[in-house]
Amino acid sequence: MPPVGADSLNALRSVVAGYDKEQLLWSSGFLAGMAAGRVADSLSPVTQPVASPATSTWLIFFATETGSSRRVAESLADRYREAGLVVELHDLRDYRPKALARVENALFVLATHGIGEAPDGTEIFFEYWLSDKAPRLDSLNYSILALGDSSYVDFCEMGRVFDERLQQLGATAVVDTVECDLDYETPASDWTRQVVDHAASISAAIKASPQVSLLRAVSTTQAASRERPFDAEMLSNQKITGNGSSKDVRHIELDLEGSGLNYLPGDSLGVVPQNSPELVEKLLESLSLDGGQHVTVAGQELPLSDALTQCKEVTVLSKPFLDAVATRNSAMQKIVSHRDELSHLMKTHQVIDIVSDYKTAWEAQEFVDALRKLTPRLYSIASSPDANPDEAHLTVALVKYEQFGRTHWGSASNFLNAGPDSVPVYVEKNDHFRLPADGDTPIIMIGAGTGVAPYRAFVEHRREHGHGGDNWLIFGDRNFSSDFLYQIEWLRYRKEGSLKYLDVAFSRDQQHKVYVQHRVLEQAQRIYSWLERGAHIYVCGDADRMAVDVNKALLAVLRSEGNLSEEHAADYLSQLKSEHRYQRDVY
Ligand SMILES: Cc1cc2nc3c(=O)[nH]c(=O)nc-3n(C[C@H](O)[C@H](O)[C@H](O)COP(=O)(O)OP(=O)(O)OC[C@H]3O[C@@H](n4cnc5c(N)ncnc54)[C@H](O)[C@@H]3O)c2cc1C
Ligand SMILES: Cc1cc2nc3c(=O)[nH]c(=O)nc-3n(C[C@H](O)[C@H](O)[C@H](O)COP(=O)(O)O)c2cc1C
């Protein structure tokens, strides 16, 4: 038996999940040093090293859902420490909102999710500070890095709104807010440099403490990272939807041996894709450009067709690209100036539709410059590393569809399906979608379509470790006969008892539509009794409709079964969230 409890052990595993071999070895030595009393007990990335009185502490806050803001914030904290500055790193999900009132120096790395909304779990913080109850913040110095995606009309909304609010409350922006698109690396590192320079310039006589250098030794950078991915060999690619299905979903297995990558159930795998060669060919045809002519991307000269295949986003639209089209096309000018039309266009069209339907003459270099950088896609890992050492399994829905008389190929899903020998990957850890530390705690897993992926990892993990907690899966898709993803495994698990309950909702098998939220409502009594006995509840898959409808269904369950008012039902769910018992991974 380990001399620490399951909670501590799980927390430790979670902290080191992204470490490579060298970092793990260093950490083991570090812990041994602590045990021998050679290292100050207080050493941890979030505690405060002893600071000289003249040194002010900088609090770095992040609000994330898919991990980028956390990564930027961690790297920012490293830069601060390297400059001999004192920092604390806080996830806004776990930060008591009122505590900000006492902070003097704060940096915020804030992502926007939903439709211009705060990342899951951080709503309580923002609700408080955007409300009338919020006190003045006259002594707060701050700066914000806003992360977003310019294919949404509410681009970087949270960063923008919070910046305005802090100014209203009297806080001082020491460096202007910077808004980043998906290719956030360059603006994020520029902003980092600016805020570090600012802090260093006002911080008098700072001496790097011994703790600082020790902390630097354990960098949070992973062996393979978004910037330096690992080439994982493709072991298997199997279609798991039946012949009659309207969808093509793939079970993909990748070999992580030698990567030094560690992951936990709940984490995602980042895939650095290449665009479909067929799509690039169609684009070149429509643009009447020669793929062999050379262009320059990030200082490197390469053929246009390579630039479009490997470097640039040629599927999802971005506002800067449409703005560039608008300078040459009056119809587009009208669209970009109307928020709703713009939003509709960005949701329904891809780059190929714009170059085909809003014809303008492009020089090769101009076209490439107007497009944003090709960014990695995330996939929930569908395997437990303990049940499948050195492997990561994915459940990938192929994005290939006909619209406006032309074929559209999604970038990463088609890249994975095209059978490359290897795929550049990294682990995106997600501490906000974790199994309970106590293996005896019951879990309710709700997911539609590929949203089932992490649950395969959850159940594999609990089986592998002989955890006795009850597992309940509520799965939805279109048709039983063709879309019951991993059907054989789930039925086997149910038979052997690894799954206590399995409820399915196949929307197109009957006249009226049945979705997972209907199963939640039908099972109201059991859901409520499981929650009352401490169950954790998970929701994974479609963000636009499924997650919203399941949330509504859960509120209805709490009202009917718990006899709660609307307000108290909402409080109950918020409480579950703050206890990390209601976790969502939606996209
Ligand atoms: C945390 C997280 C976990 C995820 N896990 C998974 C997972 O387990 N499995 C999975 O398959 N995906 C998952 N995704 C989604 C995944 O990251 C990709 O977004 C998805 O595979 C599409 O990527 P792509 O590069 O193939 O398509 P892209 O090149 O990104 O093109 C997608 C775009 O095409 C358009 N589009 C797609 N289908 C249609 C259609 N039928 N009609 C009109 N327009 C359409 C939309 O504009 C869409 O934005 C996850 C996302 C996140 C954030
Ligand atoms: C479901 C979903 C909804 C999103 N909504 C928005 C949005 O409304 N506005 C925006 O600027 N970005 C939006 N984004 C993009 C994220 O802000 C962007 O991917 C960011 O880099 C994520 O940061 P994080 O990894 O720290 O969560 C959305 C992303 C997802 C997956």
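**Sheet pairing and ligand surroundings in a predicted model**

In β16, Val423 is the bridge partner of Ala232. Helices (H or I, at least four residues) and strands (E, at least two) are DSSP runs, numbered from the N terminus, and two strands pair if DSSP finds at least two bridges between them. The structure is a predicted model, in which local features need pLDDT of at least 70 and side-chain atom pairs count only at pLDDT 80 or more, whereas totals for chains, interfaces and linings use all residues. Residues are numbered from 1 along each chain as its sequence is written, chains are lettered from A and ligands numbered from 1 in the order in which they are written, and side-chain values use heavy atoms, with hydrogens and water left out.

Strand β7 (residues 230–239) is joined to β16 by four bridges, and the two run antiparallel. Six bridges, also antiparallel, join β7 to strand β8 (residues 249–255); here Met234 has Leu254 in β8 as its bridge partner. In general, strands of a sheet pair through backbone hydrogen bonds, either parallel or antiparallel.

These pairings belong to an open sheet of six strands with antiparallel pairing, in the order β12-β9-β16-β7-β8-β13. Its edge strands, β12 (377–380) and β13 (391–397), each pair on one side only. On average, neighbouring strands of this sheet are turned by 40° against each other, direction ignored; axes are lines fitted to C-alpha atoms, and angles run from 0 to 180 degrees between N-to-C directions.

Thr309 lies in helix α9 (residues 304–311). Thr309 counts as buried because its relative accessibility is 12%, buried meaning under 20% relative accessible area (1.4 Å probe, protein chains only). The C-alpha atoms of Thr309 and Pro273 are 9.0 Å apart, although 36 residues separate the two in sequence.

Ligand 2 has 22 residues around it, of which Thr64, Thr66, Ser69, Thr112 and His113 come nearest; a residue is near a molecule if one of its heavy atoms lies within 4 Å of it. This shell divides into nine nonpolar, ten polar and three charged residues. Oxygen atoms of ligand 2 take part in polar contacts (pairs of N or O atoms within 3.5 Å): a polar side-chain atom of Thr64 lies at 2.6 Å, an N or O atom in the side chain of Ser69 at 2.7 Å, and a polar backbone atom of Thr112 at 2.6 Å. On its own, ligand 2 has 650 Å² of accessible area, of which the protein covers 91%, as computed by the Shrake-Rupley method with a 1.4 Å probe.

Notes: A polar contact is a pair of N or O atoms within 3.5 Å; within protein, one must be able to donate a hydrogen and the other to accept it, and residues adjacent in sequence count only if both atoms are side-chain atoms. Ala, Val, Leu, Ile, Met, Phe, Trp, Tyr, Cys and Pro count as nonpolar, Asp, Glu, Lys and Arg as charged, and the others, Gly among them, as polar. Buried means under 20% relative accessible area, exposed over 50%, partly exposed in between (1.4 Å probe, protein chains only).
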